[in-house]
Amino acid sequence: MIISVDELAKSIKNNILKITKENKIKLVSVALEPDKATLAYLKSQKKLSKSLNVDFELIKTKSKDELIRTIKMLNEDKNVNGIFLAQPLPFDPYEISVYIDYKKDVEGITPFNLGNLIYEKSLVKPCTADSVVRILQNSTNVDGKTVSVIGRSIIVGKPVSIMLAGKENNATVTICHSHTKNLKEIILNSDIVVAAVGHPNFIKKDMVKKNSIIIDVGINVVKGEIVGDVEKSVQEIAYVTEVPGGVGEITSLILLENLTKLYTIQN
Ligand SMILES: NC(=O)c1ccc[n+]([C@@H]2O[C@H](COP(=O)([O-])OP(=O)(O)OC[C@H]3O[C@@H](n4cnc5c(N)ncnc54)[C@H](OP(=O)(O)O)[C@@H]3O)[C@@H](O)[C@H]2O)c1
């Protein structure tokens, strides 16, 4: 059984267009020596931006110093409303995200915006985590449900767990990682599973509860094909988001929705 994100995608696009139809809004993506996969992602970001009436520019840099200088320059540029930092980087992204003005932080990854997430007073939330939460809110009543989040990264696992356990969602969350001992048992007892592991087909049919909800965040390339963290056969007994599509599609839209929210705050 597939969880469709079509209606949610439509409503986020409408939210974006309400602002971009009336205003000139610009997103700048900054990359350090981007590889082929990153360039392909940035190309799709440019296409989506254009389709939603957002100006888009890509700046490629060649060193960490140049990357930091570029971000400082974009912070000061009144014509730039949002800054996207392309990843992966060959060092801890924190070393760069600290320089991004929180009012231009479309990804919600600056220490200020992540700190506000813990206070439950976010300007913008991390896009992928917000994508997971909004797909869930759109599909079920999360309140009181048991959720296992597999992964504890800064951009997915940790913020998803904080958001789901917070007062807006009231779920009971178990955060799992590579040191978790009884993973299968935890997943089997969960009403909802968020798989953000980065291992293809990691979640198997015999690991999940019948009729549970499985959000597949994984994007893995296997023999040139994109596959998720959840084996296809899980769809036979549970409700699962698709890869590609699903979380990734909503994440890209939330990034532009965050841009429009920040534009409103800036003005
Ligand atoms: N759809 C989207 O928009 C989107 C956005 C971002 C990322 N992604 C995808 O989501 C996946 C996760 O991304 P990420 O950035 O969160 O990855 P990450 O930083 O590599 O984190 C992976 C997490 O999985 C945990 N893990 C690894 N092996 C495990 C195991 N055997 N059992 C339990 N936990 C295990 C790790 O535990 P430790 O902390 O102990 O190492 C870590 O916390 C990737 O496939 C990525 O491409 C998708």
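This is a predicted model: local features need pLDDT of at least 70, side-chain atom pairs count only at pLDDT 80 or more; totals for chains, interfaces and linings use all residues.
1. Helix α1 first. It runs over residues 6-20, and its 15 residues should span 21 Å at 1.5 Å a residue; the end C-alpha atoms are 21 Å apart, so expectation and model agree.

2. The burial pattern on α1 is worth a look. Leu 8, Ala 9, Ile 12, Ile 16 and Thr 20 are buried. These residues sit on the same side of α1, because the arc they cover around the axis is only 100 degrees. Asp 6, Glu 7, Lys 10 and Lys 18 are exposed, on the face of α1 turned away from the buried side. As for what covers the buried residues of α1, the list includes α6 (127-139) and α9 (246-266).

3. Now the largest nonpolar core, which has 47 residues. Leu 27, Leu 164, Val 194 and Ile 215 are the ones with the most contacts inside this core. Several elements supply at least two residues each, among them α1, β2 (26-32), α7 (157-165) and β8 (213-216). Which element gives the most to this core? That is α9, with 9 residues.

4. Leu 32 belongs to strand β2 and counts as buried, at 11% relative accessibility. Beyond its neighbours within four places in sequence, Leu 32 is in contact with Thr 61, Lys 62, Ser 63, Lys 64, Leu 67, Leu 89, Pro 90 and Phe 91. Two of those contacts turn up again in a separate feature: the charged end of Lys 64 sits over the ring of Phe 91, 4.7 Å from the ring centre.

5. On aromatic pairs, the count comes to 2. Tyr 41 and Phe 84 make a tilted pair, 6.0 Å centre to centre with 35 degrees between the planes. This pair links distant parts of the chain, with Tyr 41 in helix α2 (residues 36-51) and Phe 84 in strand β4 (residues 82-85), 43 residues apart. Tyr 41 is partly exposed at 32% relative accessible area, whereas Phe 84 is buried at 7%.

6. Tyr 102 and Phe 112 form a tilted pair as well, at 4.0 Å centre to centre and 35 degrees between the planes. Tyr 102 lies in the loop between α4 (94-97) and α5 (111-119) and Phe 112 in helix α5, so this pair ties together parts 10 residues apart in sequence.

7. Lastly, the backbone. Most residues other than glycine have a negative phi, and most peptide bonds are trans. Against that background, Gln 87 and Pro 88 are joined by a cis peptide bond with omega about 10 degrees, and Pro 88 falls in the loop between β4 and α4. The bond from Val 243 to Pro 244 is cis too, with omega near -5 degrees; Pro 244 is in the loop between β11 (239-241) and α9.

8. For Asn 170 phi is about 55 degrees; Asn 170 is in the loop between α7 and β6 (172-176), partly exposed at 34%.

Terms used
Residues are numbered from 1 along each chain as its sequence is written. Side-chain values use heavy atoms; hydrogens and water are left out. Rings of Phe, Tyr and Trp (its six-membered ring) pair if their centres lie within 6.5 Å; planes under 30 degrees apart count as stacked, over 60 as edge-to-face and the rest as tilted. Helices (H or I, at least four residues) and strands (E, at least two) are DSSP runs, numbered from the N terminus. Buried means under 20% relative accessible area, exposed over 50%, partly exposed in between (1.4 Å probe, protein chains only). A charge sits over a ring if NZ of Lys or CZ of Arg is within 6 Å of the ring centre and within 35 degrees of the ring normal. The expected span of a helix is 1.5 Å times one less than its number of residues. The arc is that of the directions from the helix axis to the C-beta atoms. Contact means heavy atoms within 4.5 Å. A nonpolar core is a set of buried Ala, Val, Leu, Ile, Met, Phe, Trp, Tyr and Cys residues joined through side-chain atoms within 4.5 Å.
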